[in-house]
Amino acid sequence: MQTVLNFPSLLQHTLIVGAYCSGKDFLASHAIKTIKQQRPSLKVYVIDIKGHPRESHYYANADFLRIKNSTNVATQEDVAELVSWIQHCFNEFESLEGEKLLVLSESTLVFHFFAQNKSNKLWLANKIISYLCLGNASGIYIWLIGTSFSIQETRISRQFWVLVNLLAIVHQENFASYNYLLSTDFLPKSCQPCAEEIRAIASQSPVKRAVYFNGEWLPMPRLDE
């Protein structure tokens, strides 16, 4: 369990995957609190297009929190406005000096909106690829948080996804996200236990979740509020 709690200290590009209500954002919020204690000069910039009131306190330790509720995005004009706002956030993030971390919450939905326009789709893919390939040298890191990631929709090929550290959360009663992972190349073949094994690991967790990190599946620890 301690391995999972210590993941922020590694400060690397990370993909956090899990079904809705699996605790992805809560884990990220705990990680941000930890990483800010370890690296107070690190600037944490969060883009949140869900803006759920119940989760508004999750990113209280971020230096910059940009929220835009996408619930009512229904027309092409709405999508264009949201995409433009996200692009502005990326530009603002890049203008920050020093070591910095971009946390893109609801990344699955962000990719969906950008994928509706070829130019926007390529813009987002190229931005993320540049962070993955060049970020470490310039002190730029990115965490992508979402329910699932289609390589085809993101336009980010496997050769770049290998630069991202995977952290996956599976609830013992919900294997949708785990079944998805098994159909992708994100999870190494050597780290694909059967459903019964995942359920057994989750049953040892105080929050009934199994978490994959750093090449192994572990019971998810209870995190402090």
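Visitor: In which sense do β1 and β5 pair, parallel or antiparallel?
Guide: This is a predicted model. In it, β1 and β5 are joined over 4 bridges, and Thr14 stands opposite Trp143 in β5. The sense of the pairing between β1 and β5 is parallel.

Visitor: Which residue of β5 is the bridge partner of Val103?
Guide: β4 and β5 also pair, in the parallel sense and over 5 bridges. Leu104 stands opposite Leu144 in β5. For Val103, the bridge partner in β5 is Trp143.

Visitor: How many of the residues of β5 are buried?
Guide: From β5, Ile140, Ile142, Leu144 and Gly146 point one way, while Tyr141, Trp143 and Ile145 point the other way. In a regular strand, side chains alternate between the two faces of the sheet. Residues on both sides of β5 are buried. The strand is therefore largely enclosed by the rest of the structure, with a buried count of 7 of the 7.

Visitor: What is the order of the strands in the open sheet?
Guide: The sheet has 8 strands and mixed pairing. Its edge strands, each pairing on one side only, are β3 (64-67) and β8 (216-219). Neighbouring strands are turned by 15° against each other on average, direction ignored. The order is β3-β2-β4-β5-β1-β6-β7-β8.

Visitor: Which residue in β7 is the bridge partner of His171?
Guide: β1 (residues 14-18) runs parallel to β6 and is joined to it by 5 bridges, with Thr14 opposite Asn165. β6 and β7 (residues 209-213) pair in the antiparallel sense, also over 5 bridges. The partner of His171 in β7 is Arg209.

Visitor: How many residues of β6 are buried?
Guide: β6 pairs with β7 and is joined to β1 as well. β6 is largely enclosed by the rest of the structure, because its buried residues number 6 of the 7.

Visitor: Is Gly146 buried or exposed?
Guide: Gly146 is in strand β5. Leaving aside neighbours within four places in sequence, Gly146 is in contact with Ile16, Val17, Gly18, Lys24, Ser107 and Thr108. The cut-off for buried is under 20% relative accessible area, and because Gly146 has 4%, Gly146 is buried.

Visitor: What is the phi of Glu106?
Guide: Glu106 lies in the loop between β4 and α4 and counts as buried, at 10% relative accessibility. Most residues other than glycine have a negative phi. Glu106 is not a glycine, yet its phi is positive, at about 55°.

Visitor: What is the relative accessible area of Lys208?
Guide: Lys208 is in the loop between α9 (195-203) and β7. Its phi is near 55°, a positive value in a residue other than glycine. Lys208 is partly exposed, with a relative accessible area of 35%.

Visitor: Which residues in α4 are buried?
Guide: Helix α4 is mostly covered, with 6 of its 8 residues buried. These buried residues pack against α3 (76-95), β4 (100-104), α5, β5 (140-146) and α6 (151-154). The buried residues are Ser107, Thr108, Val110, Phe111, Phe113 and Phe114.

Visitor: How are α4 and α5 oriented to each other?
Guide: The axes of α4 (residues 107-114) and α5 (residues 118-138) come within 7 Å and cross at roughly 135°. The contact has 6 nonpolar residues, 1 polar and 1 charged. Val110, Phe111 and Phe114 in α4 meet Asn120, Lys121, Trp123, Leu124 and Ile128 in α5. An angle over 145 degrees would count as roughly antiparallel, so the term for α4 and α5 is oblique.

Visitor: Which residue has a backbone oxygen 2.6 Å from a polar atom of the side chain of Ser29?
Guide: Ser29 is in helix α2 (residues 24-38) and is buried, with a relative accessible area of 10%. Not counting residues up to four places away in sequence, Ser29 touches Tyr58 and Tyr59. The backbone oxygen at 2.6 Å from the Ser29 side chain's polar atom belongs to Phe26.

Definitions and conventions: Residues numbered from 1 in each chain as written. Predicted model: local features only at pLDDT ≥ 70, side-chain atom pairs only at ≥ 80, totals over all residues. Heavy atoms only, no water. Axes fitted to C-alpha atoms, helices over the stretch in contact; angles between N-to-C directions. Helix = DSSP H or I, 4+ residues; strand = E, 2+ residues; numbered from the N terminus. Parallel < 35°, antiparallel > 145°, perpendicular 65-115°, else oblique. Contact = heavy atoms within 4.5 Å. Nonpolar A, V, L, I, M, F, W, Y, C, P; charged D, E, K, R; others polar. Buried < 20%, exposed > 50% of the residue type's maximum accessible area, 1.4 Å probe, protein only. Polar contact = N/O pair within 3.5 Å; in protein donor to acceptor, adjacent residues only side chain to side chain. Pairing = 2+ DSSP bridges.
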